[in-house]
Amino acid sequence: MSRIAKALVFVFSFGFFLSLAGAGGGLYLLWHYSRGLPDYKQLAKYDPPTVTRVHAGDGRLIAEYAVERRVFVPVRAMPRHLISAFIAAEDKNFYHHPGVDLVALGRAVATNVVNIVTRRSRRPVGASTITQQVAKNFLLTNEVSFERKIKEAILAFRIERAFEKSRILELYLNEIYLGYGSYGVAAASLNYFNKSLDELTIAEAAYLAALPKAPNNYHPIRRYDAAVARRNWAVGRMMEEGYIDRSTAEQAVEERLVVVPRSATQVVQADYYLEEVRRELVERFGERGLYEGGLSVRTTLDPKMQSIADQALRKGLIDYDRRHGWRGPLAKIPANGNWVGYLREVSVPSGAGDWKVAVVLKVTDATAEIGFDSDIQGKIPLAELAWARAALKDQKRGSAVRRATDVLAPGDVVLVEAVSRKPKVKDKGPTEYPPNTYALRQVPEINGAILALNPHTGRILAMTGGYDYETSEFNRAVQAKRQPGSAFKPFVYLAALDRGYTPSTIILDAPFVIDQGPGLGKWKPANYTKRFYGPSPMRIGIERSRNLMTVRLAQTIGMKPIVETAQQFGMFDVMTEQLAMALGAGETTLLRLTAAYGMLVNGGKAIKPTLIDRVQDRNGKTVFRHDTRACQDCTVTAWEGQEPPAIPDTRDQIADPASAYQIVSMLEGVVKRGTGRRISSIGKPLAGKTGTTNDSRDTWFIGFSPDLAVGVFVGFDAPRTLGRKESGSTVAAPIFKDFMATALADRPAVPFRIPPGIRHVRVNAASGLPARAGDRNVITEAYKTGTEPDSITERRVIGGGEVRAATPGERPSSVSPARGLY
């Protein structure tokens, strides 16, 4: 063998052994780095944390709950131009490589070698494919090392063999972080542009595709020029890869990069409502289900009614607070020199809302001059200080305000609100204030709640659990257990009507004393007026809220049927059979009481109050539904002239519909003639009942129209008197009135529905007997068929004795309007 031949054999042998060694080394490295790699098969069950979205009854988005603000969207639902933008910008050979782009990898290695040799201080150039990024994001860490890159490549090859390209793309586009707290392209589209994916323009899709490398470097506001340049680069890549033509690219480059914050679309304020929804979702699905489950929640909230409820409650609490005086300034600071600096150090009290903090600079008899931390100044006229009499113990007030100096002094830090119109006064001067005129304000100490629900379904349409959620998250609509007082009385009378009594049954209104047992003394209930009225029809007991009539009726029929009625209507879990309970001595919540009134107006049908209509999981499957009734004909794809589907009424009948209607009729009398008569000015069919507990500690008004039940509670969180002249009719009823006046403004007047078996008879309101010629105070009374009164001259009186009907020609005693009753 020649020397050349030997040399060639040596070279080839050496090359062969070198190749074997390289292959062996490669196999060793592959074996070494493959040990302990995460199981890529778990990607088949990709279940990322996604945002739970809560919607109002009209579909409006009102809240989101998430650990990561991600919205999962299947790749088949993503627009083509968005996918093309990411492939062009991130991995142009995605559909051709086996997981690692060897050409791009070689180019990156060469570039990095040059950078090292020339000592250029640059970050190493990468060549990660979309598949490698999926491996890193799902299975590895963000560590920058050759070891991680090798593992990443191994996993990428395995992922490519196990999954289709579309699945890999779906994982990538739903997982990648794109800044603005956005995980995945759907969340980014909402957070940057307030758009769904199919609404994105070419330019917007290109901007999102330009973000994966370093979202913070291309912030659309802080680094606008860099963001636009990066977006234009992505547009250019789309054109180079043939996804768009030059004309489209030029239009995209000319388009302004405009961010539309999502916060601008959140217009529904329902903090108390949403917190109750959140609690219920946690109870049903757990913390993880709520914050990572990607639920779609449709609530019962009516945004318009919620806004009305917030305004009505806030106004009512402020009005009460103003009636009981001024508690003084927030702080005292020097009114000269650097008063602006001192004022800026005063924190705004929670609950102030849009009111501003100001300092009093100078006070005369007629005005107080004030300054703000912006160095702007204004005035408070005496008319806007007239309410601010000094607050005294037990909600009493000091002497009338005659001068501005009676209220304010220089250095007082106060809350004010800009006003433009003067309060109603007798003089005929100008009705408009000059600019920079303000009124004195203070955050109320009193608190309360208002709740509105559909009496036929139990859907809670509005709920406000306090004056200000930031001040107190305690929800007085569902968490505060208080005595309902006279608001419970209708259920005493309902129990009697179910046992043969009628609205004209005569009940003695006279002193009542009962021995409570050894060492407990005697119980002596009294009417609010401290007066007695003698034998009176049952209706007057409700309309005038007569305590003695109610207790005497409860003693006659026994407490057991009253307790049974209260529990059937869901007001109490446990209720003792004590006479005091007939006057509302048990504790319940506003939600329970309002729902119970709803069951009166709906004809005695049981309802379950709910905040949530339906919950769907991330795949659209319904996992909770409040209305569980079956409806086979509700799933048709289109209406073709067929009759609407008949849905069965599965509600339990918990009271005789006729008895329930009789109570509704009597409660309508409360609004027309009784303790709630101030509400009658609305001019719509309304009914309801006031409630006031001992020492005026709790005040209520619970009422309804034929299709809307509303409850109002007002009281101090630490119970104390609201004042000697305050009651349900002066505190809670005005809030109910304001709410109903606005909520029903654009709705037609609908009369209360009359069930079968009811006859209406014109009767004398004072006697309950059929009306005769010449009678005054005649009303229409509702009777069950066969129980109508006749013209007999004597009837038995509950509580003893008999009552004599008026003889021909004799006028019965008239019924005067209630005064000071509750």
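Arg279 and Glu276 sit 3 residues apart in helix H11 (residues 271–292), about one turn of the helix. Helices (H or I, at least four residues) and strands (E, at least two) are DSSP runs, numbered from the N terminus. This is a predicted model: local features need pLDDT of at least 70, side-chain atom pairs count only at pLDDT 80 or more, and totals for chains, interfaces and linings use all residues. Residues are numbered from 1 along each chain as its sequence is written, and side-chain values use heavy atoms, with hydrogens and water left out.

**Salt bridges**

- The structure holds 40 salt bridges, each defined as a side-chain nitrogen of Lys or Arg within 4 Å of a carboxyl oxygen of Asp or Glu.
- Side chains of opposite charge can pair when their charged atoms come close.
- An α-helix has 3.6 residues a turn, so residues three or four places apart point the same way.
- Glu276 is buried, at 14% relative accessible area, while Arg279 counts as partly exposed at 31%.
- Here buried means under 20% relative accessible area, exposed over 50%, and partly exposed in between (1.4 Å probe, protein chains only).
- Asp515 and Lys522 form another salt bridge, at 4.0 Å, N to O.
- Lys522 is exposed, with a relative accessible area of 52%.
- Lys605 pairs with Asp649, their closest N and O atoms being 2.9 Å apart.
- Lys605 lies in the loop between helix H18 (590–601) and strand S18 (612–616), and Asp649 in the loop between strand S19 (622–625) and helix H19 (657–673), so the pair ties together parts that are 44 residues apart in sequence.
- Lys605 is buried, with 17% relative accessible area, and Asp649 is partly exposed, with 41%.

- Strand S22 (residues 708–715) has 8 of its 8 residues buried, so it is largely enclosed by the rest of the structure.
- Both faces of S22 are covered.
- One side carries Leu708, Val710, Val712 and Val714; the other carries Ala709, Gly711, Phe713 and Gly715.
- Strand S12 (residues 447–453) pairs with S22 in the antiparallel sense over 7 bridges; two strands pair if DSSP finds at least two bridges between them.
- In that pairing, Gly448 stands opposite Val714.
- Strand S21 (residues 698–705) also runs antiparallel to S22, joined by 8 bridges.
- Asp698 stands opposite Gly715 in S22.
- A hairpin of 2 residues connects S21 to S22.

**Phe701**

- Phe701 belongs to strand S21 and is buried, with a relative accessible area of 0%.
- Leaving out residues up to four places away in sequence, Phe701 touches Val710, Gly711 and Val712, among others.
- Its other contacts include Gly676, Ile679, Ala732, Ala733 and Phe736.
- Contact means heavy atoms within 4.5 Å.
- Phe701 and Ser486 are 215 residues apart in sequence, and 9.6 Å apart in space, C-alpha to C-alpha.

**Helix H17**

- Buried residues in helix H17 (residues 559–568) are Met559, Pro561, Ile562, Val563, Thr565 and Ala566.
- These pack against helix H14 (489–497) and helix H16 (547–557).
- Gly570 follows H17, with a positive phi near 75°.

**Cavities**

- Searching the whole structure gives 4 cavities of 30 Å³ or more.
- On a 1 Å grid over the protein atoms alone, a cavity is a set of points where a 1.4 Å probe fits but cannot get out; lining residues have an atom within 4 Å of a point.
- The largest cavity has a volume of about 80 Å³, where volume is the space filled by probe spheres set on the points, and grid points are joined across faces, edges and corners.
- Its lining has 14 residues, with Arg539, Ile540, Glu543, Ala765 and Ile779 nearest the centre.
- Helix H15 (538–543), strand S23 (758–764) and strand S24 (778–784) each supply at least two lining residues.
- H15 gives the most, with 3 residues.
- By class, the lining has 7 nonpolar, 3 polar and 4 charged residues.
- Ala, Val, Leu, Ile, Met, Phe, Trp, Tyr, Cys and Pro count as nonpolar, Asp, Glu, Lys and Arg as charged, and the others, Gly among them, as polar.

Methods: On a 1 Å grid over the protein atoms alone, a cavity is a set of points where a 1.4 Å probe fits but cannot get out, and a pocket is an open set with protein on both sides within 12 Å along at least five of seven lines; lining residues have an atom within 4 Å of a point.
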